[in-house]
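Trainee: I am new to this structure. Can you take me through it step by step?

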Amino acid sequence: MSTEDPAFGDREPQNMSREELARVADEFGDTQVVSKPPKWPVAGTKAEKRSERLAALLFALSALSAIAFVVTFSVWPQAYVSPFDNGYIWYKLYTPVVGSTFAIAVLSLGVGMIAYIRRFFPDEVSVQQRHDGPSGELARKTLAAQYREAGDDVGIPRRSLIMRLALSAGGLFGVAAGVLAIGPFVRQPWKGGGQAALWITGWKPLNGETVYLRLKTSVTGEIVRLRPEDMKPGAMMTVFPFRESDRGNEELLVAAEHASDSPVMLIRLPPGTPVHKRPGQENFNYGDYYAFSKVCTHLGCPASLYDSQNHISLCPCHQSEFLITDSAKPVFGPATRALPQLPITVNNEGLFVARGDFIEPIGPAFWEIRSRQG
Ligand code: FES
């Protein structure tokens, strides 16, 4: 190729070095490099080595975290485990471990790139004139040389370890992001059908064991099981599931209290209060006593500000109101679904017990489609 462009003078581009081509590219771009002091005037100093180690360490950390994320996401047992079952602690750790490994991969990759740019990119000052229209053909042809020259300036060819680590970190992060994107289409959190742990709550009697309605007290380890005579007409109490096999096991007792689908409002209506019951749930109450999930079906706040005059349970978050005398149907606010009702009775000891689990999902969730709309 030959050219009569004055930027080349009497030289042929194919006979010019990369540095010369890069300078010509500057001229085509009408760019003047005002100053470009080298970042490390003396090569191989301890400070430069320290900077290299820092960048390499961050990229290596990113790569390892991305691998840890992929492995965790792929093989960690993530299916829901009830607080009453073995393996609950592993289930509880799944989200923190997946989240932290992904976060470390992103953060260390980003911080590594910033560290490398700050410590190795020259502080170049250039002035370029603005032009209309596209660049000429020769300007485009010399651009590659200019990029490679820039790569030399920041020491990429000399720092192959950092380059390899950065590419590995970037590539593995891409793999992690891809796994994250397609994972939900592959994994099946609902294995087990209707008995999958996500479909049941702590109120489900397991192996025939009775589940009592228990008060939460401020006294550690105290178990207060409720009787009908503990409540006056118009009263409301929050209760939690309790089974005798949990007695003395602080971990299980606390887990039963803290499970998000455990809290239930036990309400005693005044005698003679007219009530409309849902078809199929006519025997879910015990006399004037009714038990409803406390978890708001809008966004999951505790809907337990109870107005005993009007039999309304109010959720303070967005003011949804549920009419307890009409099967906790929503009568105001954004909630569209009634509070699920827990079937209860009193056993031969005179204690409240659950007759079974809820028959519909608790709180807001996509699987609420099977539930009655308000
Ligand atoms: S969470 Fe209850 S109204 Fe929004």
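The questions below go from the whole chain to single elements.

Trainee: What does the secondary structure of the protein come to?
Mentor: Keep in mind that this is a predicted model. Of the 374 residues, 27% count as buried. The secondary structure comes to 6 helices and 13 strands.

Trainee: What share of the contacts with a separation of 6 or more comes from residues 24 or more positions apart?
Mentor: Take the contacts in the protein with a separation of 6 or more. Then keep those between residues 24 or more positions apart. Their share is 66%.

Trainee: Where do the buried residues of helix α6 fall, seen down its axis?
Mentor: Helix α6 covers residues 250-258, and its buried residues are Leu253, Ala255 and Ala256. Seen down the axis, they fall within an arc of 165°, so they line one face of the helix. On the other side, Glu250, Glu251 and His258 are exposed. The place asked for is thus one face of α6, within an arc of 165°.

Trainee: What covers the buried residues of α6?
Mentor: The cover is for Leu253, Ala255 and Ala256, the buried residues of this helix. It includes a helix and a strand: α3 (88-120) and β5 (236-242).

Trainee: Which residues of β6 are buried on each side?
Mentor: Strand β6 spans residues 264-268. It is mostly covered, with 5 of its 5 residues buried. In a regular strand the side chains alternate between the two faces of the sheet. On one side are Val264, Leu266 and Arg268, and on the other Met265 and Ile267.

Trainee: How many bridges join β6 to β7?
Mentor: Start on the β5 side, where 4 bridges join β5 to β6 and the strands run antiparallel. There, Thr238 stands opposite Met265. In β7, Phe292 is the bridge partner of Met265, and Ser293 is that of Val264. β6 and β7 also run antiparallel, and the bridges between them number 5.

Trainee: How many residues of β7 are buried?
Mentor: Strand β7 runs over residues 289-293 and is mostly covered. Out of its 5 residues, the buried ones number 4.

Trainee: Why does the span of α4 agree with its length?
Mentor: Helix α4 has 17 residues, 137-153. At 1.5 Å a residue, they should span 24 Å. The end C-alpha atoms agree with that, as they are 25 Å apart.

Trainee: Where does α4 bend?
Mentor: Thr142, Ala145 and Gln146 are buried in this helix. The buried residues of α4 pack against α1 (18-28). After the helix comes Gly155, with a positive phi near 80°. The bend is about 30°, and its place is Leu143.

Trainee: Which residue in β9 stands opposite Leu305?
Mentor: Strand β9 covers residues 312-314. It is joined to β8 by 3 bridges, and the two run antiparallel. Opposite Leu305 stands Leu314.

Trainee: Is Arg337 buried or exposed?
Mentor: Arg337 lies in the loop between β11 and β12 (344-346). Phe322 is 15 residues away in sequence and 9.2 Å away in space, C-alpha to C-alpha. Being buried takes 20 or more other C-beta atoms within 10 Å. Arg337 has 24, so it is buried.

Notes:
Residues are numbered from 1 along each chain as its sequence is written. This is a predicted model: local features need pLDDT of at least 70, side-chain atom pairs count only at pLDDT 80 or more; totals for chains, interfaces and linings use all residues. A residue is buried if 20 or more other C-beta atoms lie within 10 Å of its own, exposed if 12 or fewer, and partly exposed in between; C-beta atoms are placed from the backbone. The arc is that of the directions from the helix axis to the C-beta atoms. Two residues are in contact if their C-beta atoms, placed from the backbone, lie within 7 Å. Two strands pair if DSSP finds at least two bridges between them. The expected span of a helix is 1.5 Å times one less than its number of residues. The bend at a residue is the angle between axes fitted to the seven residues ending there and the seven starting there.
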